[in-house]
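Here are my notes on the model, point by point. Please read them with the coordinates open.

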Amino acid sequence: QVQFAESGGGLVQPGGSLRLSCKLSEAVGDNPAVAWYRQSPGNQHEWVAAITRIRNTDYADSVRGRFTASRDYATNTVFLQMNSLKPEDTAVYYCNTYFVGGDYAPVYPWGQGTQVTVSS
């Protein structure tokens, strides 16, 4: 069963913006803590951002000040607003749940992700 449906990726020029969405299935519970991760070719998954049930957020140093996580309780959807995008942000982006107080280790198998490409 697919737990996460990521969308919103695409091709954007450096300095541009994208807004990613992560629709959570009912199986993962009601508005759990959710993190965003990314994986570029040849690399492992990298944690990017996180948002708790009560909307506390945390960000990797590489994206802090440029990315913003948010959520919509009514639709059980989490968003990642990405501004001032750089070529090094190019990756497949994934969402997953995590246990608050841990190290953002993902709980479920990965979804299909959404490709973000930053290039002129």
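1. Cysteine 95 is buried, at a relative accessible area of 0%. Buried here means under 20% relative accessible area, exposed means over 50%, and partly exposed covers what lies in between, with a 1.4 Å probe and protein chains only. Cysteine 22 also counts as buried, with 0% relative accessibility.

2. The basis of these values needs stating. This is a predicted model, so local features need pLDDT of at least 70 and side-chain atom pairs count only at pLDDT 80 or more, while totals for chains, interfaces and linings use all residues. Residues are numbered from 1 along each chain as its sequence is written, and side-chain values use heavy atoms, with hydrogens and water left out.

3. What does cysteine 95 join to? A disulfide links cysteine 22 to cysteine 95, with S to S at 2.0 Å. The criterion is a pair of cysteine sulfur atoms within 2.5 Å. Cysteine 22 sits in strand 3 (residues 18-24) and cysteine 95 in strand 9, so the link ties together parts that are 73 residues apart in sequence. The link is right-handed, with 75° about the S-S bond. A search of the whole structure finds 1 disulfide.

4. Strands (E, at least two residues) and helices (H or I, at least four) are DSSP runs, numbered from the N terminus. Strand 9 pairs with strand 4 (residues 34-39) in the antiparallel sense, over 6 bridges. Two strands pair if DSSP finds at least two bridges between them. Within this pairing, tryptophan 36 stands opposite cysteine 95.

5. Which strand pairs with strand 9 over 3 bridges? Strand 10 (residues 114-118) does, again in the antiparallel sense. Here alanine 91 has valine 116 of strand 10 as its bridge partner.

6. Now the rings. The count comes to 5 aromatic pairs. Rings of Phe, Tyr and Trp (its six-membered ring) pair if their centres lie within 6.5 Å; planes under 30 degrees apart count as stacked, over 60 as edge-to-face and the rest as tilted. One of the pairs is tyrosine 94 with tryptophan 110, which is tilted, at 5.4 Å centre to centre and 55° between the planes. Tyrosine 94 lies in strand 9 and tryptophan 110 in the loop between strand 9 and strand 10, so the contact ties together parts that are 16 residues apart in sequence. Tyrosine 94 is buried at 11% relative accessible area, whereas tryptophan 110 is partly exposed at 31%.

7. The rings of tyrosine 98 and tyrosine 104 have centres 5.0 Å apart and planes at 65°, so they form an edge-to-face pair. Tyrosine 98 and tyrosine 104 are buried. Ring pairs also link Tyr37, Tyr94 and Trp110 into a cluster.

8. A charge also sits over a ring. Arginine 19 lies over the face of phenylalanine 79, at 3.9 Å from the ring centre. The rule asks for NZ of Lys or CZ of Arg within 6 Å of the ring centre and within 35 degrees of the ring normal.

9. How many salt bridges are there? The count comes to 5 salt bridges. Each is a side-chain nitrogen of Lys or Arg within 4 Å of a carboxyl oxygen of Asp or Glu. One of them joins aspartate 89 to arginine 38, at 2.9 Å from N to O. The partners come from distant parts of the chain, 51 residues apart: aspartate 89 is in the loop between strand 8 (77-82) and strand 9, and arginine 38 is in strand 4. Is this pair buried or exposed? Aspartate 89 is buried at 1% relative accessible area, and arginine 38 counts as buried at 6%.

10. With aspartate 61, the closest N and O atoms of the salt bridge are 2.5 Å apart. With aspartate 58, the closest N and O atoms are 3.5 Å apart. Arginine 64 counts as partly exposed at 44% relative accessibility, and aspartate 58 is partly exposed at 27%. Aspartate 61 is exposed, at 67%. Elsewhere, salt bridges that share partners join Arg38, Glu46, Arg66 and Asp89 into one network.
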